[in-house]
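Me: I have a structure open and would like to go through it piece by piece. Can you take my questions as they come?

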Amino acid sequence: MQRIDIFPTHEYQGLKLRSGRPYPFGATTIGNAVNFSVYSRYATDCTLVLFHNREEKPFIEIPFFKEFRLGNVFSMMVFDLDYENIEYGFRMDGPFNPEEGHRFDKSKILLDPYAKLIVGRDVWGQQPNWDSIYPYRARVVFSDFDWENDVPMETPINDLIIYEMHVRNFTCGAASGVKHKGTFAGISEKIPYLKELGVNCVELMPIHEFDEFENHRISPVDGRELFNLWGYSNVGFFAPKAAYASSGRFGMQVDELKTLVKRLHANGIEVILDVVFNHTAEGNENGPYISYRGIDNKTYYMLTPEGYYFNFSGCGNTLNCNNPNVRDMIVESLRYWVSDYHIDGFRFDLAAILGRDQNGNPMSNPPLLESLAHDPILGKTKLIAEAWDAGGLYQVGSFPSWGRWAEWNGKFRDSVRRFIKGDTQVLGDVKERIIGSPDLYASQGRGIKASVNFVTAHDGFTLMDLVSYNSKHNEANGEDNRDGENNNNSWNCGCEGPTDAPDINTLRHQQVKNAITLLMVSQGTPMVLSGDEMGNSQFGNNNAYCQDNEVAWLDWNDLQKNADIFRYFKQMIQFRRQHKVLRYEEHLSHTDYLGLGYPDFSWHGVKAWQPWAGHNNLTLAFMLNGRYANSDDQGAPEGPDDFIYVAMNMHWEMHGFEPPQLPQGMAWHIFANTGMPSPEDIFEPGTEPVIENQQLVLVGPRSIIILIGRVTS
Amino acid sequence: MKIESYQLGERLDSFNYQEVQDALLAILEKGCNAVLDMTACNYVSSTGLRVLLYAKKMAASKGLNFYLVGFSDEVKDIMDVTGFDSFFESFSTMEECLNTLR
């Protein structure tokens with residue numbers, strides 16, 4: 001049966017038209033027509049501008065006739081377009097009156113805010129034609145990818161080990177060994193590596209279309225070209241970055257990214273996207289017209305009463321997230337990434353902004369965050385907030401959650417860093433972090449699953465730099481070392497930067513291992529920064545957002561150079577995956593509520609059951625009772641878990657620790673000792689040897705020991 | 001096994017996809033397995049990739065097979081990064097294809 005509403009009713013300069021469907025917004029195919037629909041509350045007129053691929057001049061401009069408008073939506077169907085060879089944009093007419101918030105300019109050709117395929121900047125770093133009347137161009141997308149049986153994976157968040165990575169940094173390095181460097185396809189080639197490492201989730205730094213030439217300049221220090229490498233500056237919320245696809249020059253980035261997701265899923269690895277809904281690439285009053293500013297400035301941006309742009313993002317403008325129409329766009333975008341790309345979760349950059357009202361004031365129940373928490377399509381999607389913004393709002397522990405939102409736990413990073421470097425004022429705080437930060441997340445039904453723990457992330461030092469530099473060294477960014485975080489809680493172990501001193505290098509490796517150990521044995525979802533597993537250095541640069549070169553790119557030679565670190569990470573990750581007792585969803589009771597002989601969790605000092613017994617606030621031990629956790633599908637063996645005992649000595653002197661007595665028939669086995677040289681530092685999970693002295697273990701200076709209590713074989 | 005092949009020119013894109021698709025469907029309609037000889041082809045567009053998968057699925061719905069022959073490096077690369085390669089059985093030459101299938 002054929003539809004009867006797919007026949008043209010109008011003709012304009014030889015093209016056949018019909019009144020369109022207002023919904024969905026954007027360009028969609030209906031039979032042999034393309035339906036174009038765009039919303040603008042304040043525009044008075046709109047024109048559809050069509051180009052043949054890559055041609056500078058449009059071949060036709062079609063006005064939206066009066067009968068093609070409904071409410072504040074312009075929509076029309078255009079028939080018989082060869083839509084693989086069409087690029088489209090809009091001209092909007094309306095008032096130009098910045099004091100009132102309006103900046104319409106019909107001389108500009110504007111990108112569709114709902115564009116799902118954006119071309120024009122297809123090869124990374126290639127200078128565009130700066131005089132182009134329409135540099136970012138929307139195309140009509142094929143949305144018929146064959147996913148076969150794939151669906152989002154829905155792994156419980158507390159079972160994830162997240163690997164935060166950047167598409168270019170991961171494989172651009174000369175030694176990466178991949179064919180398609182710096183692309184989605186390049187990540188595909190490295191899937192065996194990710195599997196060997198053992199992570200089960202990758203978090204991709206922004207992959208929406210952005211402008212790498214934003215703030216492009218030459219470093220006055222070393223003469224290198226500086227780009228917007230990280231991409232926290234959206235051009236489009238629905239389209240992948242073309243230059244991140246090896247097939248971007250053919251406009252195939254959509255298929256390439258979907259293929260990457262499908263292949264990662266097939267290998268048990270989830271995909272989280274880092275999304276930036278707090279501002280756009282259009283900057284402030286002096287920025288370019290790309291889309292939103294010209295489509296409906298007053299709708300899309302938070303404006304001061306005088307019509308200037310609020311700057312809560314630190315990037316020139318602030319998206320008007322709690323305007324109902326912008327809120328709809330954000331929800332639509334996220335739904336699209338989940339339904340069309342099978343994305344498993346999102347990390348929201350500067351998410352505190354999403355809770356500000358249209359005047360910039362923080363709200364107690366922000367409608368956008370509530371909508372996302374209750375959205376049916378996002379119902380099992382991970383929602384992770386970076387719970388602060390550049391306007392001074394800091395909401396770690398208080399981000400509105402409805403039991404759905406997790407947070408980047410910035411306090412975990414700060415406390416653990418301080419503890420590892422030997423700060424004697426942080427023990428009480430570290431204890432909260434180890435048990436899933438109940439001080440932050442025990443209320444509102446949030447639980448351990450609200451805490452995403454990390455020691456390092458893209459912002460700040462890499463792990464190797466954290467133990468190699470006391471201060472940031474960002475001179476090459478060309479801002480006189482003013483940019484980047486000053487308060488790093490880092491310690492260089494005795495010498496600033498690289499050194500040949502063997503004792504310092506040994507200590508640095510040990511400190512790296514202490515950090516990953518604390519991350520992996522703490523309750524809460526761990527996130528590892530890509531490259532830390534091979535001791536990657538950014539040479540002291542703690543803000544490498546513009547360093548599209550060896551500073552930020554992983555040096556894959558480090559895998560050999562720091563083989564002990566990679567091995568340690570791999571075993572530690574495997575250990576976490578094998579022990580359910582490390583991956584609780586809800587907070588622990590610290591009691592033996594099932595009468596199993598030992599509490600689910602207990603603190604100890606250098607003496608068993610005496611947590612107060614310690615040295616300089618730098619020693620601490622805890623025990624997890626494996627009988628409280630059964631195995632699951634993350635690779636843990638059948639039956640109840642083992643006992644796990646962790647003894648931490650961040651003091652600069654050795655101390656003896658007495659582990660608790662185990663039930664009859666069980667003995668302590670040693671899994672890890674960061675104070676030992678490789679390969680004695682860590683054992684393959686399952687092969688841990690019994691220790692001779694069951695009553696006392698010596699823990700060296702700045703070392704952590706992990707014991708496993710199980711039946712002796 | 002009845003096999004019939006169709007020889008593709010330099011490209012498979014929105015300009016010739018209809019012609020190629022019609023030719024492949026005609027082969028399948030006859031109850032023959034179809035082989036697309038891509039030896040001369042050096043570019044397949046998004047539309048072209050979809051014609052290949054469409055032919056494959058049409059063949060499967062009729063209990064038949066659809067094979068590809070003679071990828072250039074460029075085409076192989078595009079098929080790989082877009083994931084389309086995983087759907088097809090392919091051969092380097094027509095000769096290899098016919099020897100294997102007969």
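Me: Among contacts in chain B between residues at least 6 apart in sequence, what percentage join residues at least 24 apart?
Reply: This is a predicted model, to begin with. For chain B the figure is 77%.

Me: What helices and strands does chain B have, and in what order?
Reply: Chain B has 4 helices and 6 strands. Starting at the N terminus, the order is β-β-α-β-β-α-β-α-β-α.

Me: How does the radius of gyration of chain B fit that of a compact globule?
Reply: The two agree: a compact globule of 102 residues would come out near 13 Å, and chain B has 12 Å. The C-alpha trace of chain B spans about 30 × 25 × 20 Å along its principal axes. Of the 102 residues in chain B, 38% are buried.

Me: I clicked on B:Lys62. Where does it lie?
Reply: B:Lys62 is in the loop between α2 (46-61) and β5 (66-69) of chain B.

Me: Why is B:Lys62 called partly exposed?
Reply: Because B:Lys62 has 13 other C-beta atoms within 10 Å.

Me: How far apart are B:Lys62 and B:Ile3?
Reply: They are 59 residues apart in sequence and 14 Å apart in space, going from C-alpha to C-alpha.

Me: Switching to where the chains touch. How many residues does each chain put into the contact?
Reply: Chain A puts in 17 residues and chain B puts in 11 residues. On the chain A side, helix α4 (residues 253-266) gives the most, with 4 residues. That side of chain A divides into 4 nonpolar, 6 polar and 7 charged residues.

Me: What else does β2(A) pair with?
Reply: β2(A) also pairs with strand β8 (residues 73-79) of chain A, in the antiparallel sense and over 3 bridges. On that side, A:Leu17 has A:Val78 of β8(A) as its bridge partner.

Me: What holds paired strands to each other in general?
Reply: Strands of a sheet pair through backbone hydrogen bonds.

Me: There is also a sheet with 5 strands in chain A. What is the strand order?
Reply: The order is β6-β5-β9-β13-β12, in an open sheet with antiparallel pairing. β6 (60-63) and β12 (117-119) of chain A are at the edges with a single partner strand each, so one side of each has no neighbour in the sheet. On average, neighbouring strands of this sheet are turned by 35° against each other, direction ignored.

Me: How many bridges are there between β12(A) and β13(A)?
Reply: There are 3 bridges between β12(A) and strand β13 (residues 137-139) of chain A. A:Val119 stands opposite A:Arg137 in β13(A).

Me: Last one, helix α7 (residues 367-374) of chain A. Which residues are buried there?
Reply: A:Leu368, A:Leu369 and A:Leu372 are buried in α7(A). Seen down the axis of α7(A), the buried residues fall within an arc of 95°, so they line one face of the helix.

Me: What do the buried residues of α7(A) pack against?
Reply: They pack against α6 (324-341), β20 (382-385) and β21 (405-408) of chain A.

Key: Residues are numbered from 1 along each chain as its sequence is written. Chains are lettered from A and ligands numbered from 1 in the order in which they are written. This is a predicted model: local features need pLDDT of at least 70, side-chain atom pairs count only at pLDDT 80 or more; totals for chains, interfaces and linings use all residues. Two residues are in contact if their C-beta atoms, placed from the backbone, lie within 7 Å. Helices (H or I, at least four residues) and strands (E, at least two) are DSSP runs, numbered from the N terminus. Ala, Val, Leu, Ile, Met, Phe, Trp, Tyr, Cys and Pro count as nonpolar, Asp, Glu, Lys and Arg as charged, and the others, Gly among them, as polar. The radius of gyration is taken over C-alpha atoms; the globule rule is 2.2 Å times the number of residues to the power 0.38. A residue is buried if 20 or more other C-beta atoms lie within 10 Å of its own, exposed if 12 or fewer, and partly exposed in between; C-beta atoms are placed from the backbone. Two strands pair if DSSP finds at least two bridges between them. Axes are lines fitted to C-alpha atoms, for helices over the stretch in contact, and angles run from 0 to 180 degrees between N-to-C directions. The arc is that of the directions from the helix axis to the C-beta atoms.
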